[in-house]
Amino acid sequence: MDGATPGTNPGATDADVFHDNRNLLFSVAYRILGTAADAEDAVQDAWIKWAAADRTRVADPKAYHTRIVSNLALERLRSTRHKRETYVGPWLPEPVLTSAAARDTVVAAGTADTADLVVGAESVSMAMLVVLETLSPLERAVFVLKEVFGFGHAEIAGAVERSEAAVRQAAHRAREHVRARRPRFTADRSRQREVTERFFAAATGGDVNALMELLSPDVTLWTDGGGKVRQALRPIFGAETVAGWFAAIGTVTYQGIDPADMKAELAEINGGPGMVFSGPDRVIATVTFDFDAEGRITAVHNVANPDKLHDIGSGTTRELGTN
């Protein structure tokens with residue numbers, strides 16, 4: 001039976017209620033897991049649990065759904081931990097396309113606080129997800145629910161099935177860990193877009209000198225091929241080396257694709273400006289950046305593992321909001 005759920009629009013079915021919360025649930029699961037495929041699986045499993053639940057006893061479906069998906073994502077993260085520890089080369093999160101236009105519309109309409117939007121975009125950035133990967137599964141889930149979505153300690157305790165005291169401790173450890181590993185200041189979004197556009201032009205034009213001007217001297221390039229395609233198995237350091245890497249893109253065959261058949265596009269990826277490289281029939285890589293306060297690029301994240309490019313290849317644009 002797919003009847004109305006207490007506390008909702010009387011005409012809304014259980015499926016309608018769940019659908020209304022689906023973007024939120026994916027946003028929670030993706031930040032906890034770092035992969036779109038696993039996040040979608042967690043959301044689907046949450047739907048199955050919701051469909052089997054006694055909905056007459058659910059006073060707040062949104063909180064209930066969030067609790068279910070958080071617990072499912074935490075369980076899935078624990079089960080995939082070993083695979084990530086034995087991964088070939090650096091492990092990077094699975095990139096997703098996000099919508100700058102939708103966010104700008106919300107800001108212009110005055111329907112959301114700009115600071116909240118900035119926090120939401122930062123929390124899903126490739127750089128932040130890399131930092132979250134260094135937390136324990138419990139710390140990561142607690143950090144996401146507390147710092148990004150604003151849940152209270154008692155609510156989180158129910159979601160992750162831990163005592164409130166344990167949640168408070170995990171929240172403190174996670175917050176200190178993230179604070180120590182993320183830069184305190186980054187360039188504003190307009191500056192980030194400008195630098196990304198200049199990097200795009202320089203990389204596609206093979207201009208090493210122009211690339212060097214945009215890179216911090218101690219820039220780091222992380223490449224994720226997962227053992228499926230040829231990539232550097234260790235981080236690449238230094239502006240000259242990183243610039244040379246990207247300047248060669250338009251001159252060498254990459255993943256069996258001739259440079260003449262390769263296409264590069266600017267795109268918003270994980271809440272910030274990035275680049276998508278494609279061949280005639282598939283996406284072959286994404287590139288995203290981390291910036292310092294002056295707008296210089298301090299880190300480059302290059303995802304080329306084909307298993308992590310399905311969501312980008314589908315063209316799906318994600319709304320990774322925090323409410």
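## α4 against α8

Let's start with a crossing: α4 and α8 pass each other in a right-handed way. This is a predicted model, and in it the axes of α4 and helix α8 (residues 137-148) sit 9 Å apart at an angle of about 145 degrees.

On the α4 side, the residues that meet α8 are Thr 66, Ser 70, Leu 74, Leu 77, Arg 78, Arg 81 and Arg 84. Their partners in α8 are Pro 137, Leu 138, Arg 140, Ala 141 and Leu 145. Sorted by class, this contact has six nonpolar, two polar and four charged residues.

## The α4 helix itself

So what does α4 look like on its own? The helix covers residues 61-85, which is 25 residues.

## α2 alongside α4

Helix α2 (residues 22-33) packs on α4 with the axes 9 Å apart and an angle of about 25 degrees. Since roughly parallel means an angle under 35 degrees, α2 counts as roughly parallel to α4. The crossing of this pair is right-handed.

From α2, the contact uses Leu 24, Leu 25, Val 28, Ala 29, Ile 32 and Leu 33. From α4 come Lys 62, His 65, Thr 66, Val 69, Ser 70, Ala 73, Leu 74, Arg 76, Leu 77 and Arg 84. The tally for α2 with α4 is ten nonpolar, three polar and three charged residues.

An α-helix has 3.6 residues a turn, so residues three or four places apart point the same way. With that in mind, have a look at Thr 66, Ser 70, Leu 74 and Leu 77, which are among the α4 residues touching α2 and also among those meeting α8.

## α9 across α4

Which way do α4 and helix α9 (residues 153-160) run relative to each other? Their axes come within 8 Å and cross at roughly 55 degrees, and the pair is therefore oblique. Here too α4 makes a right-handed crossing, this time with α9.

The α4 residues involved are Arg 67, Ser 70, Asn 71 and Leu 74, and they meet Gly 158, Ala 159 and Val 160 of α9. By class, that gives three nonpolar, three polar and one charged residues. Ser 70 and Leu 74 turn up in this contact, in the one with α2 and in the one with α8.

Notes:
Residues numbered from 1 in each chain as written. Predicted model: local features only at pLDDT ≥ 70, side-chain atom pairs only at ≥ 80, totals over all residues. Heavy atoms only, no water. Helix = DSSP H or I, 4+ residues; strand = E, 2+ residues; numbered from the N terminus. Expected span 1.5 Å × (residues − 1). Axes fitted to C-alpha atoms, helices over the stretch in contact; angles between N-to-C directions. Parallel < 35°, antiparallel > 145°, perpendicular 65-115°, else oblique. Left-handed = near helix turned anticlockwise from the far one by under 90°. Contact = heavy atoms within 4.5 Å. Nonpolar A, V, L, I, M, F, W, Y, C, P; charged D, E, K, R; others polar.
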